[in-house]
Amino acid sequence: MRVVTLSEPDDFDGWRDAARGLMTQGVPPEDVVWQVGDAPGDLFAAAPASAAPVPAPSAPDAPALSVPRAFLDLARSAILARDPERFALLYTLLARLRREPKVVEDRADPLVRRLETMAKDVRRDIHKMRAFLRFREVADEDGTPRFVAWFEPDNHIVRANAAFFVNRFASMRWSILTPAISLHWDGATLAQGPGAEKADAPDGDPTEEVWKTYYASIFNPARVKIGAMLKEMPRKYWKNMPETALVPALIAGAQARESGMIETARTAMGGNAQAAWAALRDEAAACTRCPLHAPATQTVFGEGPVDAAMMFVGEQPGDQEDLAGHPFVGPAGQMFDRAMAEAGVDRSRVYVTNAVKHFKFEQRGKRRIHAKPGGPEIDACRWWIEQEQAIVRPKVTVALGATAARSLFGRVMTIGRERGRALELPGGGGEAWITVHPSYLLRLPDKAAAEAEYARFVEDLRTAAARVEA
Ligand code: URA
């Protein structure tokens with residue numbers, strides 16, 4: 001029996017070096033016990049506890065094992081999961097890779113699925129920390145301000161998230177306190193300290209007003225659904241978030257506030273629509289408003305300049321978009337790009353998004369077959385597209401297909417009847433045009449009909465683009 005002792009619960013390098021050494025010696029997974037420090041909580045023992053421990057070599061000099069990039073990406077995320085079996089399961093998958101080089105791509109494989117679920121939970125936790133962590137201002141001993149936040153992650157993500165906070169709050173001095181470790185940034189160096197307790201972090205203070213003002217400006221009282229909000233922003237985090245104290249008052253003042261809201265949202269955060277958009281995208285990354293988030297790889301958010309004059313709305317990400325994390329990059333996206341180029345529309349200058357931000361599919365063997373999103377999923381996701389509309393405020397919006405039209409208008413629209421004419425979006429959201437979805441063109445079996453439909457699609461795009469100048 002080999003015992004591998006990793007220095008930290010997120011010690012990817014230690015796991016990789018040990019796994020490489022064990023693999024080159026042909027040590028089977030069932031002969032390895034993985035543990036973190038001497039913490040029994042992170043011990044995963046496939047063998048009886050009485051087995052005599054023989055230290056496994058940490059093997060930085062062992063020959064490099066060639067593994068697919070997808071495995072490394074999976075391992076880097078899954079290693080941060082709280083599941084104590086993660087090290088052993090990853091080593092088991094590594095061993096299988098020798099015999100089954102493509103096993104990581106097999107999403108129906110139970111081991112791959114389990115590790116992917118862990119990786120996904122980790123990614124969601126990372127995004128939650130980015131979206132829900134709130135700093136409170138205190139003064140250091142020399143009187144300089146320091147911002148302190150308390151956060152309770154579900155997984156071992158704190159160190160992996162440090163670079164994000166260093167980059168975003170580079171000029172502030174801050175501390176992030178969590179039960180397992182604390183991080184301290186002094187504007188130049190990042191230091192790590194021991195875990196803390198919630199009581200070590202300060203409670204509310206006047207700087208929260210800044211955040212409250214921003215939150216009040218993006219809060220859409222007309223759309224609030226308490227149940228969905230609780231799911232999206234779990235109660236666990238509410239107690240650390242000053243803006244949650246505003247919610248009852250915001251709901252009560254709904255009608256009075258709604259008219260000025262879109263304008264305020266654009267100018268929130270010092271007029272920085274880009275920052276408002278980035279905050280929104282980060283929150284959407286952790287969206288659990290409908291069940292589609294569970295099997296999908298990630299949220300695929302809209303992309304493009306936040307001051308774009310045109311917005312294109314598709315249905316939902318497809319298989320390739322789900323993996324890449326970007327809208328319209330697969331076959332329908334290529335068709336869309338070609339038509340846009342022919343219509344003289346520069347894709348880099350328009351905002352492209354989807355009505356539904358998670359891929360809905362049916363698993364058939366190894367294949368993931370596209371499934372059409374239903375009304376409840378479109379409605380649940382409308383929250384995000386409304387926020388995107390409020391920030392981008394396009395002059396012209398193009399709905400690509402029936403799902404996009406239903407999302408934008410809040411009701412079923414018949415493409416054949418509405419196509420080819422300017423429509424007014426509800427709530428004064430500007431002019432909209434409805435056309436077909438590019439994947440409809442890909443499905444047409446008859447070549448002549450496909451060519452004619454494609455030409456009509458290009459013409460629709462050209463007409464809508466001309467309205468920007470009107
Ligand atoms: N189809 C869509 O509607 N959106 C995408 O992003 C890809 C395919």
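Because the model is predicted, local features are reported at pLDDT of at least 70 and side-chain atom pairs at pLDDT 80 or more, while totals for chains, interfaces and linings use all residues. Residues are numbered from 1 along each chain as its sequence is written, and side-chain values use heavy atoms, with hydrogens and water left out.

The protein contains 18 helices and 16 strands; helices (H or I, at least four residues) and strands (E, at least two) are DSSP runs, numbered from the N terminus. Of its 470 residues, 52% are buried, meaning under 20% relative accessible area with a 1.4 Å probe, protein chains only. Contacts join heavy atoms within 4.5 Å. Among contacts with a separation of 6 or more, 72% link residues 24 or more positions apart.

Five strands form an open sheet in the order 5-6-7-8-9, with mixed pairing; two strands pair if DSSP finds at least two bridges between them. At the edges lie strand 5 (136-139) and strand 9 (190-194), each pairing on one side only. In general, strands of a sheet pair through backbone hydrogen bonds, either parallel or antiparallel. The antiparallel sense is seen for strand 7 (residues 174-177) and strand 8 (residues 181-185), which share four bridges. Here Trp174 has Trp185 of strand 8 as its bridge partner.

A helix accompanies these strands. Helix 5 (residues 158-168) lies across strand 7, strand 8 and strand 9, and runs at about 20° to strand 8. Such angles run from 0 to 180 degrees between N-to-C directions, with axes fitted to C-alpha atoms, for helices over the stretch in contact.

Notes
Buried means under 20% relative accessible area, exposed over 50%, partly exposed in between (1.4 Å probe, protein chains only).
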